[in-house]
Number of protein chains: 4
Amino acid sequence: MYTRIKSLKILPLRRSPTAALGEIHRIEALCDGVFAIIITLLVLEIHRPHLSPGHLTTELLKGWPSYLAYAVGFLYVGVVWLNHHYMYEKLQASDLPFIWLNLLVLGTVALIPFPTGVLAEAFRDGDLADQKGAVVLYAFIAALMSAAWVPLFYYLHKNPALSKSEVVQGTYLKQLQRPLVGMLLYLAAAGLGWFVHPVFAVVVFIFMAVYYALTSQGID
Amino acid sequence: MYTRIKSLKILPLRRSPTAALGEIHRIEALCDGVFAIIITLLVLEIHRPHLSPGHLTTELLKGWPSYLAYAVGFLYVGVVWLNHHYMYEKLQASDLPFIWLNLLVLGTVALIPFPTGVLAEAFRDGDLADQKGAVVLYAFIAALMSAAWVPLFYYLHKNPALSKSEVVQGTYLKQLQRPLVGMLLYLAAAGLGWFVHPVFAVVVFIFMAVYYALTSQGID
Amino acid sequence: MYTRIKSLKILPLRRSPTAALGEIHRIEALCDGVFAIIITLLVLEIHRPHLSPGHLTTELLKGWPSYLAYAVGFLYVGVVWLNHHYMYEKLQASDLPFIWLNLLVLGTVALIPFPTGVLAEAFRDGDLADQKGAVVLYAFIAALMSAAWVPLFYYLHKNPALSKSEVVQGTYLKQLQRPLVGMLLYLAAAGLGWFVHPVFAVVVFIFMAVYYALTSQGID
Amino acid sequence: MYTRIKSLKILPLRRSPTAALGEIHRIEALCDGVFAIIITLLVLEIHRPHLSPGHLTTELLKGWPSYLAYAVGFLYVGVVWLNHHYMYEKLQASDLPFIWLNLLVLGTVALIPFPTGVLAEAFRDGDLADQKGAVVLYAFIAALMSAAWVPLFYYLHKNPALSKSEVVQGTYLKQLQRPLVGMLLYLAAAGLGWFVHPVFAVVVFIFMAVYYALTSQGID
């Protein structure tokens, strides 16, 4: 079922399509495992009140930025999972560089719980300076996550043998537009958040999540 | 095997049933991953005694609300997994809105370890006011979990093409009754727990878990 | 592929064997997910030294009970996974009571990281009284894990339609011997550890892990 | 589909190849689950600043060893996953000793988040003595991870019936060279790091990750 992958070469088209699909599905399964864990780790970032008897309710109410951050983080991972999923539907084979570029994307996605937790903490217990630092961290990591898709789409564009025959030449080049827009806007958000006010950055974060959600099946 | 999902349209019935089932099974696998992780994260909520030499045994005995909360939380996730599982057995295809509504359910289920841990902590170290706050938190999140099933069942009712042909019209409308009962009773539990006594809320929580367990294969 | 399970009835033998196997494999996949997570959560129980500059090396050396506990815990989960795996190889169908009895086993296995961490902490930082408390906790949870297999094996014995045709009548009754031996010896270990010396209990724990490992493919 | 494995015997070659492959794929799925979780747990090792209002940004900047450690740890797990994956592609069957030797490899890989976190903490908050202790810990665990592959490759060499027919005699003997080189270099890194300077050890760690990455498809 599973066949050896020749690295750094285009796979001959004569390989049994079932074999190649098996390979693809295995990598996708690893990715799905990572997505499932990221989604669930977000709940660990929700602030647990340090209990001093009689103050639990107040503490829980003050935790609202955690709850909001959880909701946004969850939607964000959902969007990335959908994007990832729709990319895999176009593939029929993989090779070693593809696997590594794909791991790079996973490695940036797996970071999400970290800036999400920091952002929530800054808005709950921090002052304006802390919130500025936290939105810059979030923006940089989100820009990194966008950036990681660029080499992946470019590699798929250059190696059409990895895609199913019905995928039109130029598809991935068009998709490149989305992570590039993302990188620019996240960097702009970092600037806005640091030099103007952190709330502007948060607005951009929400806009970007919606943008990625609406274009998750690709731009046409 | 896996086919592209057309979003926001009813899927044509001529699609190969194997292809559509493959899609369904992949989403179900993601959900199963999330369920497996939630089940296992519950153990992290069990209170680890802060060791002061010679007091471990007493500390462990005082941890009983943690153990009880673990047992109840575990049964609860088990029940939701079963409900989820029986819903998927009726499906033959998916589309983008369905995936998002399904993610919404997952996102509320993934919260379980949080109120479970807070509840156990309140009954171990807190006073009556803390326990009131904790049961209200638990009731609100449980009501949210119930609420998340409402749009999912309604969408399945409105889009019969997603279900297998043997699923009778009206099946999902009947199932809607269960999350609606859940929402009402959880909100009642919040009121009882806050204004009367937290123990009443806990009784409703246990009753609801049993109700959902007994009806996990659907109401007829 | 997946078919509805009739609860509380013996499954008719005419069901397509593929359908029933599909069901079995899905539940097994959920269990494998839980096992994979438990195995990996054990590493979180390894004591991280609280850093006071210049003392890391000493702190790391004092952490040896953590390392030993990790090794034993890992072997233990491995043994339970093997036992679970060999049981599933005999099955051809499942029903609702089986799923619940199986969840009960999972729920006790998922506890392993908790007593493992407490045991390591007691041997690192605690006194003799703490170690006694910790071995009793470990023994009770291990006895519970053994106990959870009893109803599962008994149910399989009473419902031969769940097993493949080549499974001989009486197989599961014979297997019952193993969890029963386990329960008795773990309770004996609790007594020895509490009234005599905790080290005796640890010896029984190691003996039991070896016993379960050697008999993981069943007793003949 | 899944068949009983006879332990400690070479599997008869007449077993249906599909059956044996099913077995292999199930074990691989368990391993993939563990890999997915390890990859994602690394993010939990990233230092979360303890918030004192107004200092978040400084704290985040001081966290750079955490970020570097995350990147290296992620690449490392990726490399091991690839190595593991390419080994499985050569197999057609498994038996009980193979499963245990494979679990041994998993058990050492699952440790990665622990020394990774300690290393980052030592370079962030510790003095030179702490860094020496941390690189020695890292080197020992990495040497252990390399060592765990030796019995696995040797067993596969001695039991050719587990491998696909196209795998040439002597393949695994040649692969043995890689973990042996790893063990020697990691032990040398421990010596260099402890007696000379921790930075030398870190250089060896990076060199080894690159060496394993470049040879992940085996030496020819």
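Colleague: At what angle do the axes of helix H6 and helix H9 of chain D cross?

Modeller: In this predicted model, the axes of helix H6 (residues 128-158) and helix H9 (residues 198-214) of chain D cross at roughly 25° and come within 9 Å. Axes are lines fitted to C-alpha atoms, for helices over the stretch in contact, with angles from 0 to 180 degrees between N-to-C directions. Helices (H or I, at least four residues) are DSSP runs, numbered from the N terminus. H6(D) and H9(D) are therefore roughly parallel to each other, a term for angles under 35 degrees.

Colleague: Which residues of H6(D) and H9(D) meet?

Modeller: D:Gln131, D:Lys132, D:Val135, D:Tyr138, D:Ala139 and D:Ala142 in H6(D) meet D:Pro198, D:Ala201, D:Val202 and D:Phe205 in H9(D). Contact requires C-beta atoms, placed from the backbone, within 7 Å. Residues are numbered from 1 along each chain as its sequence is written, and chains are lettered from A in the order in which they are written. Local features need pLDDT of at least 70 and side-chain atom pairs pLDDT 80 or more, whereas totals for chains, interfaces and linings use all residues.

Colleague: Changing topic, how many residues does the contact take from chain D and from chain A?

Modeller: Chain D gives 22 residues and chain A gives 31 residues. On the chain D side, H1(D) supplies the largest share, 8 residues.

Colleague: And what does the contact take from chain C and chain D?

Modeller: That contact takes 22 residues from chain C and 31 residues from chain D. Helix H1 (17-41), helix H2 (56-62) and helix H3 (64-88) of chain C each give two or more residues to the chain C side, and H1(C) provides the largest share, 8 residues.

Conventions:
Contact = placed C-beta atoms within 7 Å. Parallel < 35°, antiparallel > 145°, perpendicular 65-115°, else oblique.
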